[in-house]
Amino acid sequence: MNQELKPIKHSEAHYAQHEPSNSINEQLLLIEGAGCASCVGKIESALKKVPGVIKAEMNFADRSVSVEGSALSDQLIQAIQNAGYQAKLASNTSATVSLDEKEQEDQLYYRRLLKEMTIALALGIPLMAYGLITGEMSVNTTTERIVWLIIGLLTLGVMIFSGKHFYTGAWQSFKNHSANMDTLIALGTGTAWLYSMVVVFFPEMIPDMARHVYFEATAMIIGLINLGLALELKARGRTSEAIKRLIGLQPKTARVIREGIETDIPIEEVILNDKIRVRPGEKISVDGLVVEGHTSIDESMLTGEPMPVEKSEGDEVVAGTINKTGSILFLATRVGKDTALAQIINMVKRAQNSKPPIGRMADVISAYFVPVIMIIAILSALAWLNFGPEPAVAFAIISATTVLIIACPCALGLATPMSVMVGVGKAAEAGVLIRNGEALQTASKITAMVLDKTGTITWGAPKVTDIVVSGETDETTVLQLAASLESGSEHPLAQAIVDTAKEQQLTLFPVSAFNAIAGHGVEAEVDGKKLLFGNEKLMHTKHIQLGNFVAKAQALAEDAKTPMYFAINGELAAIIAVADPIKDDSIEAIKRLQDNGIRVVMLTGDNRATAKAVAAQVGIKEFHAEVLPEDKSQKVQALQMEGEIVGMTGDGINDAPALAVANVGFAIGTGTDVAIESADITLMRGSLHGLADAIAISKATLKNIKQNLFGAFIYNAAGVPVAAGLLYPFFGLLLSPVIAGAAMAFSSVTVVTNANRLRFFKAKEH
């Protein structure tokens with residue numbers, strides 16, 4: 001079946017970089033210096049205070065922030081800098097170049113982190129091994145003081161080389177009267193180092209039992225956290241694989257015909273109305289209209305539809321799809337960022353950067369988390385100093401440092417955006433385009449799905465379904481004569497007959513003595529035969545005997561088909577039935593929805609008899625017929641009043657109000673642009689299986705987010721009390737700052753790894 005992909009249109013203003021102050025646009029900024037989830041709230045808050053900013057959402061997972069409004073980029077960057085961070089405008093180059101740049105930057109950062117980790121652990125591991133083997137990390141003699149002074153200076157070198165980013169980040173936060181992950185790490189490691197240096201220089205001021213140095217803790221914590229950041233960065237890179245695959249669909253060059261000469265040029269140089277040659281096995285370079293040739297095209301990477309689609313003169317082709325067999329010539333109709341593929345990539349990126357409601361809760365908690373942890377660390381130290389055993393000072397420093405280190409809310413900040421990025425990307429691979437994080441979350445809660453009939457459950461185009469012949473006339477002859485008779489009509493039923501004849505490559509005969517009989521049908525002479533074609537009234541008026549064909553026509557009508565009688569030279573020759581056929585997989589897809597406990601309701605403007613027949617065929621018990629376009633949204637609202645979370649699926653302009661009012665609107669991507677713009681989720685192919693896939697992916701993503709948030713919350717909720725020394729009075733256990741550093745680093749890696757499990761999620765085979 002030939003499916004037409006429509007572009008998903010977005011305002012050019014969405015991607016403007018430097019617009020006049022009175023225009024609304026969307027800008028993407030890349031953030032540097034954001035260390036943890038608490039940074040998210042500060043950056044968003046700073047941006048929202050800028051005049052003209054309507055909306056600001058930061059994605060901590062890829063350190064970017066999307067800003068909507070009329071503010072200039074310079075104002076936004078200044079606001080972020082005032083908040084203690086660095087920012088730059090996302091590259092306005094092609095998506096491929098932009099992604100390559102980011103990958104190169106990430107690779108450099110990854111190598112730097114590994115180098116810093118190696119230097120820190122090269123000092124920390126031997127020191128820790130020495131302490132574990134000898135049990136001696138104290139300062140009692142002059143020799144020991146000299147040795148530990150040298151080691152202290154080496155540790156300072158590690159802090160400067162391997163931990164500089166933590167201390168500069170903490171200083172920036174301090175200057176802006178805020179605190180973040182860098183603050184906690186800087187305070188923890190800095191306190192351990194300073195105390196150790198006091199022990200080295202002034203051992204007589206410290207009780208004998210407390211003359212213990214913690215240089216190994218400082219080096220190990222910095223090394224382990226850098227290792228955790230490196231592993232997190234590596235794992236984060238995998239979340240953008242869906243975007244990479246989409247971008248990889250775009251060919252680098254196009255074979256353009258200009259002034260009769262065929263030339264391969266870079267894709268960026270293709271302009272509107274260029275004629276482009278595509279040979280077998282090559283990718284379609286830009287969107288266009290076939291002007292010469294016939295081929296089959298693999299659109300599976302965009303639509304998820306495995307079967308190649310036949311294309312010939314007049315059909316649309318879409319950038320990124322693969323030409324399988326023939327050679328074609330097409331006219332470029334959309335180039336650059338206007339192609340369907342470019343707009344799909346932009347939609348996926350924007351959705352990955354958006355936040356579902358569940359993620360905003362984590363941001364709110366993170367904003368207060370760091371200050372609370374600093375207070376807990378101080379209270380813990382005071383408790384040890386006043387009530388702890390000797391050496392109380394050492395215990396106070398260990399507990400305060402451990403609390404500061406273990407409590408960094410990195411995992412909390414990564415929990416939601418990592419899952420959203422993977423989930424939205426996974427959906428895109430299945431041909432499901434999710435517009436925002438809120439739609440992703442709400443789709444998992446849908447309890448009722450409203451389906452438009454025409455173009456959603458059915459193909460939306462009438463076709464000849466049955467030719468029941470009478471006497472000796474064969475089906476081909478009947479179709480050839482009927483199509484000839486109707487060739488001049490613009491009526492949809494007549495057009496369906498003509499189209500069917502053309503598909504079978506039948507030659508149409510000239511028509512004479514044509515006469516349209518209002519409310520009955522038509523008569524004419526074709527190929528020397530007198531033909532009648534119309535309803536039962538026409539046959540009775542012309543005294544044509546119908547016999548048992550009346551019952552056959554009635555049976556066809558009960559199957560949601562429109563039967564028409566065809567007579568040749570005064571004798572009944574056949575019944576031709578025309579219908580809008582149900583899509584091949586609608587029945588199975590609707591059953592999938594019902595098996596998931598979703599109430600399925602069909603709406604249609606068609607008559608009740610047809611609606612009842614279609615509903616019965618696809619297994620829908622609840623339907624509303626003869627519904628006017630303006631009443632569709634009222635039907636959706638009525639379901640919402642019953643307490644249902646309603647999804648609405650449609651493809652036409654008349655579905656747009658209902659799509660907008662539904663909790664989640666699903667547009668069939670083969671439908672109109674208006675419907676697509678009104679929807680929250682777009683199904684790039686016409687199959688309703690996309691609905692079940694979207695809901696399944698939504699549920700899997702939300703489950704993954706909850707697992708991440710639970711893990712992050714439990715980690716901090718359990719880790720902080722243990723770090724403060726809660727278990728010491730009962731079991732004599734006090735957590736080491738080194739173990740706290742390792743635990744904090746690997747908690748983020750755990751969250752990222754769990755989010756990446758979504759990449760292996762597979763919806764039910766269909």
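Which residue forms a salt bridge with Arg258? In this predicted model, the partner is Asp274, and the closest N and O atoms of the two residues are 2.6 Å apart. The structure holds 20 salt bridges.

**Salt bridges**

- Side chains of opposite charge can pair when their charged atoms come close.
- Arg258 pairs with Asp274 at a closest N to O distance of 2.6 Å. Arg258 belongs to strand β5 (residues 253-258), while Asp274 sits in the loop between β6 (261-266) and β7 (275-278), so the bridge ties together parts that are 16 residues apart in sequence.
- Arg258 has a relative accessible area of 36% and is therefore partly exposed. Asp274, at 5% relative accessibility, counts as buried, because buried means under 20%.
- A salt bridge also joins the side chains of Lys463 and Glu503, at 3.7 Å from N to O. Lys463 is in strand β16 (residues 463-469) and Glu503 is in helix α16 (residues 492-503), so this pair connects parts that are 40 residues apart in sequence.
- Lys463 counts as partly exposed at 24% relative accessibility, whereas Glu503 counts as exposed at 56%.
- Strand β16 also holds Asp466, which forms a salt bridge with Lys561, with the closest N and O atoms 2.8 Å apart. Lys561 lies in the loop between α18 (549-558) and β20 (562-568), so the pair ties together parts that are 95 residues apart in sequence.
- The relative accessibility of Lys561 is 21%, so Lys561 counts as partly exposed.
- A network of salt bridges links Arg255, Glu262, Asp264, Arg277 and Glu292.

**Helix packing**

- Two packed helices are described by the angle between their axes and the distance between the axes.
- Helix α4 (residues 142-175) packs against α5 at an angle of about 160°, with the axes 9 Å apart. The two helices, α4 and α5, are therefore roughly antiparallel to each other, because angles over 145 degrees count as such. In this pair, α4 passes α5 in a left-handed crossing.
- Helix α5 (residues 181-201) also meets helix α11 (residues 392-406): their axes come within 8 Å and cross at roughly 155°. That angle makes α5 roughly antiparallel to α11. The crossing of α5 past α11 is left-handed.
- Helix α19 (residues 586-595) and helix α24 (residues 689-724) have axes 8 Å apart and pack at an angle of about 30°. These helices, α19 and α24, are therefore roughly parallel to each other, because angles under 35 degrees fall in that class. The crossing in which α19 passes α24 is left-handed.

- Gly163 lies in helix α4. Its relative accessible area is 0%, so Gly163 is buried.
- From C-alpha to C-alpha, Gly163 and Ala186 are 8.5 Å apart in space, and they are 23 residues apart in sequence.

**Nonpolar surface patch**

- Which residues form a nonpolar patch on the surface? They are Ile375, Ile378, Leu379, Leu382, Leu385 and Val393, and together they have about 540 Å² of accessible area.
- Helix α10 (residues 357-387) gives the most to this patch, with five residues.
- Ile378 lies in helix α10. This residue counts as exposed, because its relative accessibility is 52% and the cut-off for exposed is over 50%.

**Positive phi**

- Most residues other than glycine have a negative phi, and most peptide bonds are trans.
- Ala513 has a positive phi, near 55°. Ala513 is part of strand β17 (residues 511-517) and is exposed, with a relative accessible area of 54%.
- Asp527 also has a positive phi, near 55°. Asp527 is found in the loop between β18 (521-526) and β19 (529-534) and counts as partly exposed at 44% relative accessibility.

Definitions and conventions: Residues are numbered from 1 along each chain as its sequence is written. This is a predicted model: local features need pLDDT of at least 70, side-chain atom pairs count only at pLDDT 80 or more; totals for chains, interfaces and linings use all residues. Side-chain values use heavy atoms; hydrogens and water are left out. Patches are made of residues with over 30% relative accessible area and no salt bridge: like charges are joined within 9 Å, nonpolar side chains (Val, Leu, Ile, Met, Phe, Trp, Tyr) within 5 Å. Accessible areas come from the Shrake-Rupley method with a 1.4 Å probe; for residues, only the protein chains shown count as cover. A salt bridge is a side-chain nitrogen of Lys or Arg within 4 Å of a carboxyl oxygen of Asp or Glu. Helices (H or I, at least four residues) and strands (E, at least two) are DSSP runs, numbered from the N terminus. Buried means under 20% relative accessible area, exposed over 50%, partly exposed in between (1.4 Å probe, protein chains only). Axes are lines fitted to C-alpha atoms, for helices over the stretch in contact, and angles run from 0 to 180 degrees between N-to-C directions. Angles under 35 degrees count as roughly parallel, over 145 as roughly antiparallel, 65 to 115 as roughly perpendicular and the rest as oblique. A crossing is left-handed if the near helix is turned anticlockwise from the far one by less than a right angle, and right-handed if clockwise.
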